[in-house]
Amino acid sequence: MDFYNLSSAKSSRSSLLSLNKVDRSHSKLEVQDCTVYSRVGFRGVGAEAFLESNGLPIPKLPNQSLSYKNGLIILRLSKSEFWVVDTANKHHALIEALELSSKEAINVYRLYCQHSHGCFLITGDADLTVKMFSKVCSVDLSQGVFALGSIAQTSVARTNAIVTKQSMDGVVFTLLLADVASTQYLWEAIEDAASEFV
Amino acid sequence: MGTSYSKKAGLGFADLTFTPIYHDKSYLFHDVAVIGAGPAGLAASLKAADAGANVLLVDENPMLGGALTYHRFDVAGVRAAELREQLTAKVRHHKNITVLNSATCNGWFTDNYLPVIQGNRMYKVRAKQCIVASGAFEQHVVFRNNDIPGVVMSSAAMRLMTQYAIKPANKAVVLAGNDDGYLCALELLKNGVEVAVIVDMRSQSSDPLLHSAVIEKGINVLFNSTVYEALPSTDKKRLAAVQVHAITGRGKVAATGVTIPCDLLCMSAGYMPVYQLLCQAGAKLSYDDDSARFALTNLPKNLHVAGSANGVHELDAVINDGELAAYTSLTLLGLASDEPQPVTCNKQTNFPWPIFSHPKGKDFVDFDEDLQSKDIVNATRLGYRDVQLVKRFSTVGMGPSQGRHSALPTARLVADATNRTVTETGVTTARPPFVPEKLSHIAGRIFNPYKLTPMHQKHLELGAHMIPAGIWQRPAYYGNPIDRDKVVQQEVEMVRNAVGIIDVSTLGGLEVRGPDAAEFVNRIYTFGFLKQPVGKTRYAILTNEQGVVVDDGVSCRIGEDHFYITATTGGVDAVYREMTKWNAQWRLSVDIANVTSAFSAVNVAGPLARKVLSKVCFDVDLSNESFPYLAYREGTIEGVPIRLLRVGFVGELGYEIHMPSLFGATIWDALMAAGSEFNMKPFGVESQRLLRLEKGHIIVSQDTDGMSHPGELSLNWAINRKKPFFIGRRSVDIVMERQQTRKLVGFKLSSESCRPKEGHIVLASSDQKDCAITGNVTSSEYSTTIGANIGLAYVGIEQKEVGCKFPIRVDNGEIVMAEVVQLPFYDANNSRQEVI
């Protein structure tokens, strides 16, 4: 069977989000749906070496992320699982090439996070972001506890989610990745939680 | 009074016109949570915050300060206000302190998990350290008519004067068991209330300066005396006078006394710690009968008590005690701080026996439940010696105040009646919540996740009637629910005669990759998979270790070391969990991924399915020879990659098209456009259930239960008995060797018969009323294709033969006779799915 690339056909991607019912104008926090931006994941004992051989920096510890090249975020979710996420919608070619090159890699299994997960980017006042998350998540994401680059693999509004804090051009943001089928639900839950911060 | 108590207790009528309002929850994370913003709580908060701890200060009152907001601590009456001003100003401006006032910490749960209710929000506080500085409740004196309006605690009178600027009466008597009664008298005087006398139950004051101060103000003091009876006004609505008697012994008074007119009686008999949160945490409340002091011990690690809750009552000592609790917390947090001086406090606040039972009664122990001292004593005489039994027999402590004032006199009376100490007697168990909480605080903003497929909006636009399928939303059919039966039959006819499309994205998806992938799949599922050819699909059944069928799906071999396996919508997460659990033991070289959400899928089914697909998929030879039944192929539609499974769940030529989810909507549109020429329309899950029923295909969890083994389901063909192992192999062998007791069979009823519903029971006999239940109906529907009511049911083993008629008890107890028929109901030769 042919190996096909799930990072392909970027223009044919559609987010599962329908924004008809949601009024976002009042909140001090901005939630951006980045689901159609490119990302890919790799798992396996060869994943770390594979990414390094492709010139990507690797977080040294699990549950750490780092920012590389204008919004390209590399997440280390376990000893042998890595996701490369484009939060700026600028790195499609790199990610597509990375996925293709994994075809020949030994002990590297690609993960379909492009399609399995929805992706939200949350910006705005840092304290308000923490307060908003405290309404939907039982992990302490406050400044002193959840440093830049930390990852929480947790439950957000009772949905499995990956949360990391990163920055781009000096602007700190929170990246939220969760089951793509829950995109609409989670968006509404976040909007509801953020609605008091006007 | 009765109405007010009822309201307080939450009794009354439900207001059906009530409009629900928004309630929600939020987590808070703090190094130290301080419960109570009295002097101890304020001092503890400041000490902890100064050392760098992140502090949460919780108080149920709108104003910080606790007793400092109303209590008089010195003769001049200036200390409390000054200290409150000083402490609260620091707290308010401290960057490390978050204040929640008008907020109640309603319980203590393991590891300092504290529900705090403020307004419409319940905060779920996680605190590394918790300091309970909850204060103490003032206790009343038990004497006749102590429930007349005008008989109050001294603290209540001081609250009225200090917090609300209300003069509580014109002429007061103070009944003191401690020095706080004297301070109350001074405060009354300051607010223009004449103080007729201080009736001190003690033989002397412990503070000569305080005694001198009240004497200087012209207040007379009667030592060794008590109010034995309160006398009501003629209309019985308020206090008119008190009868004061000399105390002659413990709980005993002289036969005669003096009557003192007054319209207010302030009682200062002592205090009981607000122990509820601490005892919820497992603390032991003890009482020294000699000194009449309380102590709370056996606190769990990281929980501390300070202030009057800790039996410390002198103001400086209270501050000191708060700082000491903070210091202990800081030490456990690893934060440096100066160690405070040890706390010493010799102030005795509790009069040992403030109970003066009256032969005429009305000497209330529990105001909520109207319980007099004799009620408590009588309970013990009837054999209810344990305070827990006394509570349940007498209902003491069960009213709105939950024993805040009745617990101590009850313990004293029970102890006395049973010849035990108060400590031995104890108090009843304290359970959360501390104060009544609304269900809306618990229920408010509960999260109910749901999942949508990529085609959800398309379904809505097409008029789908959506139903839940586990956490997912799926179209049941496309049309008005009023026309449900008609719409379902039309959709079925469309699939049987032309072509239809159904969204099956909710199907579970699992990928197994790696050198040991085939070995792994072979161990998990019952069939043989080692020799499954690449490009082929194979039915896969999963049994558990008890040999019960728990899931099924289709295994696609994409490569030698790559399997893509579908699973049931509701079962996939459990299957994934099982897979990872087993491989933790087997250590096979595989990667297991749950790709359910990564792939969405549709099934294009019907005699014209190939024609539809060929209009959009050009890189796969769709002919029957190149792409036969049960084959697997990969290709593209609209330039995006797809996986094609030729399967026949609904019994017609059909292609399951699995595509990466973000492409789902694009491919749906392409297929709908391609199918328009053939009048292809979508069909829903209820139509699909009928279609598969006509083919006799089971749905795991609908047609199976917690006992269904493969033999009962006639799935012997899907069990490979030659391979050495699969999960549940041993149990499957055992249960299938045993005498079978039931069987899942297809049944038919004439269309005129009452149609059984899923769940209706199968009986052993139609004649006997109380005969055995041999099974139940699992699937049932009217089939236009067959022209009859058809279904699947478990029947007794003696009822399983084709042609056998068996009774089903339907609604209203009616019995209908169904006939066992050979499965499938439709297309026995499977020729429909082989359409050229």
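# A walk through chains A and B

Start by selecting helix α2 (residues 39–50) and helix α8 (residues 315–333) of chain B: their axes come within 7 Å and cross at roughly 40°. Axes here are lines fitted to C-alpha atoms, for helices over the stretch in contact, with angles running from 0 to 180 degrees between N-to-C directions. Helices (H or I, at least four residues) and strands (E, at least two) are DSSP runs, numbered from the N terminus. Before you go on: this is a predicted model, in which local features need pLDDT of at least 70 and side-chain atom pairs count only at pLDDT 80 or more, while totals for chains, interfaces and linings use all residues. Residues are numbered from 1 along each chain as its sequence is written, chains are lettered from A and ligands numbered from 1 in the order in which they are written, and side-chain values use heavy atoms, with hydrogens and water left out.

Back to the helix pair. α2(B) and α8(B) are therefore oblique to each other; angles under 35 degrees count as roughly parallel, over 145 as roughly antiparallel, 65 to 115 as roughly perpendicular and the rest as oblique. The crossing is right-handed, that is, the near helix is turned clockwise from the far one by less than a right angle. Now show side chains: on α2(B) pick Pro39(B), Ala40(B), Ala43(B), Ala44(B), Lys47(B) and Ala48(B), which meet Leu315(B), Val318(B), Ile319(B), Gly322(B), Glu323(B), Ala326(B), Tyr327(B) and Leu330(B) of α8(B). Contact means heavy atoms within 4.5 Å. Colour this contact by class and you get eleven nonpolar, one polar and two charged residues.

Next, stay in chain B and select α5 (residues 180–190) with α6 (residues 208–216), whose axes come within 10 Å and cross at roughly 30°. That makes α5(B) roughly parallel to α6(B). The crossing of this pair is left-handed. Look for Tyr182(B), Leu183(B) and Leu186(B) on α5(B), and Leu210(B), His211(B), Ala213(B) and Val214(B) on α6(B), which make the contact. Six of these residues are nonpolar, one is polar and none is charged.

Now select Arg202(B) and Asp179(B), a salt bridge with its closest N and O atoms 2.8 Å apart. Arg202(B) sits in the loop between β10 (194–200) and α6 of chain B and Asp179(B) in the loop between β9 (171–176) and α5 of chain B, so the pair ties together parts that are 23 residues apart in sequence. A salt bridge is a side-chain nitrogen of Lys or Arg within 4 Å of a carboxyl oxygen of Asp or Glu. Over all chains there are 42 of them.

Bring chain A into view. Here 44 residues of chain A touch 46 residues of chain B, and the two chains bury about 3700 Å² between them, 58% of it on carbon and sulfur atoms. Five salt bridges link chain A and chain B. One to click on joins Lys135(A) to Asp24(B), with the closest N and O atoms 3.6 Å apart. Then pick Lys131(A), in helix α4 (residues 126–134) of chain A. Leaving aside neighbours within four places in sequence, Lys131(A) is in contact with Phe197(A) and Ser26(B).

Last, some backbone stops in chain B. The peptide bond from Pro432(B) to Pro433(B) is cis, with omega near 0°, and Pro433(B) lies in the loop between α12 (422–425) and α13 (439–443). Another cis peptide bond joins Leu823(B) and Pro824(B). Finish at Lys236(B), which has a positive phi of about 65° although it is not a glycine.

Key
Nonpolar A, V, L, I, M, F, W, Y, C, P; charged D, E, K, R; others polar. Buried area = accessible area lost by both parts, 1.4 Å probe.
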